[in-house]
Amino acid sequence: MHTIGKAGAFGAALAASFAAAYGVGTAVGPVPAGSPPAAHAAHDSPGPGSGEGSGSTQSDAAVPSGLQISEGGYTLDLRTPHLTAGRGADLRFAIRDASGRPVTAFARDHGKELHLIVASRDLLTYRHLHPVRAADGTWSAPVTLPAAGGYRVFADFTPAAEGAEDLTLGADLVAAGPYAPPPAPRPNTTAAVDGYTVTLAGELRPGTSGELRLDVARDGRPVTDLEPYLGAYGHLVALRSGDLAYLHVHPAGAPGDGRTRPGPAVSFTATAPSAGTYRLFLDFKHDGTVRTAAFTVRAGEAAPPGTDLPEVPSAPAHDDTAHPH
């Protein structure tokens, strides 16, 4: 999977906010789906990408993961670009190669052929799903989105083709229904979820690697028996405010290596691609259940006065309805 350092070359600061993508309104309707754009060709003048379907001629290597619907000859074909808020439905998609054929062969990473993330544009909703692939290359995962508004779907995978690299492709999704913009989440270093408290230490810095340590406690006591989840004691996804650039990093060490302890600390080495505000989502497993703790951090930016005290609720519990863990 992609590490936070993959996009380190993209060092230009991006002005970002948690403003909702669709503004204030009474309802959000479907966005017409166009044909997927062709994969971008590489050029000698790298620069920040302009997002999905931009037709940009800039180098893919300069664009953080998840901002493009096509890359390296592969395209994310999202077949359900709109859902209804609060109503369960199957999210369906396929990965297509340069000839338009659905891809049916993938390299397994952390026990899965493909990892699927769905996040709201306001970064308050996060789902880590495990879709099931049919023989014809169609993937599907049941999901219920709690609120109307704009979402981003991220497919994280490595084609089994010789020489293929790991990719994260992204596409927009809309949940229809009555909509009101929620308050922006403020920076926090402590998150509570289902009786657990997760504390974040360390600093996310643009262009420079640093350690992020997350300590898990339950009812005030350190958790020392975290359970492996997808081959690790924790998985960390960071999404950049504004464009939702996708960053995924795995922790130091691994279960069973004789050195890594099963908690309470899970440590990551991470590099932010640019200055800005990021939402971090930590998945961890204990007592047979995967939970998600969420944090808001600023990389290379000073916090405005009065915003460093309030905490925000953690992300909803990890959604494992798509496939049993």
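This note goes through the sheet, the nonpolar cores and a few single residues of a predicted model.

1. Basis of the reading. The model is predicted, and local features need pLDDT of at least 70, side-chain atom pairs count only at pLDDT 80 or more, while totals for chains, interfaces and linings use all residues. Residues are numbered from 1 along each chain as its sequence is written, and side-chain values use heavy atoms, with hydrogens and water left out.

2. The open sheet. Four strands, in the order β16-β15-β18-β19, form an open sheet with antiparallel pairing; strands here are DSSP runs of E with at least two residues, numbered from the N terminus, and two of them pair if DSSP finds at least two bridges between them. The edge strands, each pairing on one side only, are β16 and β19, and the twist from one strand to the next averages 20°, taken between N-to-C directions of axes fitted as lines to C-alpha atoms, on a scale from 0 to 180 degrees. Between β18 and β19 there are eleven bridges.

3. Ala 293. This residue lies in strand β19 (residues 289–299), where Ala 293 is the bridge partner of Leu 282. Ala 293 has a relative accessible area of 0% and is therefore buried (under 20%, with exposed over 50% and partly exposed in between, for a 1.4 Å probe and protein chains only). Ala 293 and Thr 190 stand 103 residues apart in sequence, yet their C-alpha atoms are 8.8 Å apart in space.

4. The nonpolar cores. A nonpolar core is a set of buried Ala, Val, Leu, Ile, Met, Phe, Trp, Tyr and Cys residues joined through side-chain atoms within 4.5 Å. The largest has 28 residues, of which Val 198, Leu 204, Tyr 278, Leu 280, Phe 284 and Phe 295 touch the most other members. Among the elements that give two or more residues to this core are β12 (196–202), β13 (210–218), β18 (276–286) and β19. A second, separate core of 27 residues includes Leu 78, Leu 145, Ala 155 and Ala 175.

5. Asn 188. In the loop between β10 (167–176) and β11, Asn 188 is buried, because its relative accessible area is 4%. Its side chain reaches the backbone oxygen of Thr 190 at 3.2 Å.

6. Asp 77. Located in strand β2 (residues 74–78), Asp 77 is buried at a relative accessible area of 16%. The Asp 77 side chain makes a polar contact with that of Arg 96 (2.9 Å), a polar contact being a pair of N or O atoms within 3.5 Å, where within protein one must be able to donate a hydrogen and the other to accept it, and residues adjacent in sequence count only if both atoms are side-chain atoms.
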